[in-house]
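Please consult the sequence and structure shown here.

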Amino acid sequence: MSLIFAGGGLALWLRERQLRYILGYVLAALLLGTSFAINHYSPDPGHRLVQMAVAALSISSVIALVASMCQRLGQPVPLRLWAGAGLVAVVLVGLADHRRDVSASLLAVNLCCGLVMVMGTQIMAQARSHQLVDRLLVWIFAIVAAQFFLRPIGVLMLGGPMSTAAYRDSAGHAVLVLTAAILTLVLTAAILAATISDQIRAVRQVVRKDELSGLLRRDSFDEEARDLIARARAEGRPVSMVIADIDHFKQINDALGHPAGDAVIRAFGSIMAASIRPTDLAGRIGGEEFGLIAWDCPAAPAAHLAERLRAALAARPVEALGAQIALTASFGVATLRPGEAYGDLYARADNALYQAKRAGRDRVVVAGALPAARLATSAPLSAEKEAGRSGGSEAGGLGIGGAIARRA
């Protein structure tokens with residue numbers, strides 16, 4: 001069954017290669033099936049190397065499964081810790097006398113797998129996904145984790161000391177095979193449901209995304225932002241909004257043409273997409289205006305995020321603009337206040353953006369703070385970029401306007 005499911009998972013991945021976590025499930029099913037095959041068909045099941053191989057394959061299967069499901073939710077996993085625990089368990093299996101008593105080996109493997117499953121369940125739960133299939137997977141993982149602790153204890157209490165050969169013919173081993181078969185079916189069904197859910201969500205995201213920037217469209221951004229703010233209020237978490245506007249964008253289109261403007265939009269969209277976390281939102285909310293909702297983020301970290309975006313854009317070469325043109329943007333930042341709605345938060349962030357524009361552009365202004373200058377963390381401007389700003393025609397001069405005017 002495991003090998004059949006592995007083949008099915010591989011076929012699914014070949015069709016949807018962006019779902020990389022499926023490979024972890026394929027590997028887990030392959031390792032589990034191989035482990036059972038070796039244990040069941042080996043002519044000498046009590047041989048030390050056979051049991052070490054079975055233990056290594058079983059533990060690796062659990063690690064691969066748990067890691068892939070955590071990766072699916074964007075959660076980091078302590079692979080080194082799990083691999084170290086697995087190595088210790090395999091060594092303990094190698095030291096046990098399987099021809100006399102299988103107890104030590106049984107406990108070492110099952111406890112290691114149970115601990116990995118428990119940690120994986122906690123990591124998945126921390127993702128706080130509101131998808132029904134994700135909550136279902138957390139509960140299934142919790143049940144699987146529990147059986148790793150309960151089943152070997154029950155086998156040892158009812159059966160007592162026994163050799164590997166005797167254990168393979170015992171009722172406890174029959175329960176193991178039956179349990180593994182049922183849980184494999186349940187896990188496979190749940191993971192298949194999760195995969196289908198991910199594909200449906202991916203299709204929706206394509207429809208909801210702006211083709212040029214790769215970020216959410218305005219209506220989709222507003223809708224998800226309202227949902228995120230409602231969740232933040234319910235959980236008592238801070239949320240901040242950043243609004244960015246590319247400086248002198250009209251002059252880019254007028255002087256260099258719309259293809260150059262499109263290249264700028266794509267560049268800034270890719271910078272934003274690469275700079276945010278999976279829990280954040282980013283969208284194109286106007287022609288050259290972008291919005292960002294930072295989850296669980298107070299004002300100061302949000303301002304530093306905006307500053308990193310500002311510096312990244314200033315350092316980003318855009319081939320369509322040429323080497324002499326410095327690309328800049330202005331940012332407004334606001335943090336959600338008690339009782340405040342999304343429209344209020346947006347208005348305060350937009351007002352902070354307006355202050356950044358009035359103060360000379362190419363800077364970050366936090367709502368309620370003095371728009372004196374850039375943050376202290378701003379990277380120093382190169383002489384070439386300063387020269388590009390010195391010939392500007394607008395107040396405070398500045399940025400790309402002067403560079404385009406000079407080039408034209």
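Which residues lie nearest the centre of the largest cavity? They are Leu32, Phe36, Ser58, Phe148 and Leu176, from a lining of 38 residues. The model is predicted: local features need pLDDT of at least 70 and side-chain atom pairs pLDDT 80 or more, whereas totals for chains, interfaces and linings use all residues. Residues are numbered from 1 along each chain as its sequence is written, and side-chain values use heavy atoms, with hydrogens and water left out.

**Largest cavity**
- The structure holds one cavity of 30 Å³ or more; a cavity is a set of points, on a 1 Å grid over the protein atoms alone, where a 1.4 Å probe fits but cannot get out, and lining residues have an atom within 4 Å of a point.
- The largest cavity contains about 700 Å³ of space, a volume being the space filled by probe spheres set on points joined across faces, edges and corners.
- Helix α8 supplies the largest share of this lining, eight residues; helices are DSSP runs (H or I, at least four residues) numbered from the N terminus.
- By class, the lining has 22 nonpolar, 14 polar and two charged residues; Ala, Val, Leu, Ile, Met, Phe, Trp, Tyr, Cys and Pro count as nonpolar, Asp, Glu, Lys and Arg as charged, and the others, Gly among them, as polar.

**Second largest pocket**
- This pocket (an open set with protein on both sides within 12 Å along at least five of seven lines) holds about 300 Å³ of space.
- Among its 14 lining residues, Met1, Ser2, Gly33, Phe36 and Val177 lie nearest the centre.
- Helix α2 gives the largest share, six residues.
- The lining comprises eight nonpolar, six polar and no charged residues.

Terms used. Helices (H or I, at least four residues) and strands (E, at least two) are DSSP runs, numbered from the N terminus.
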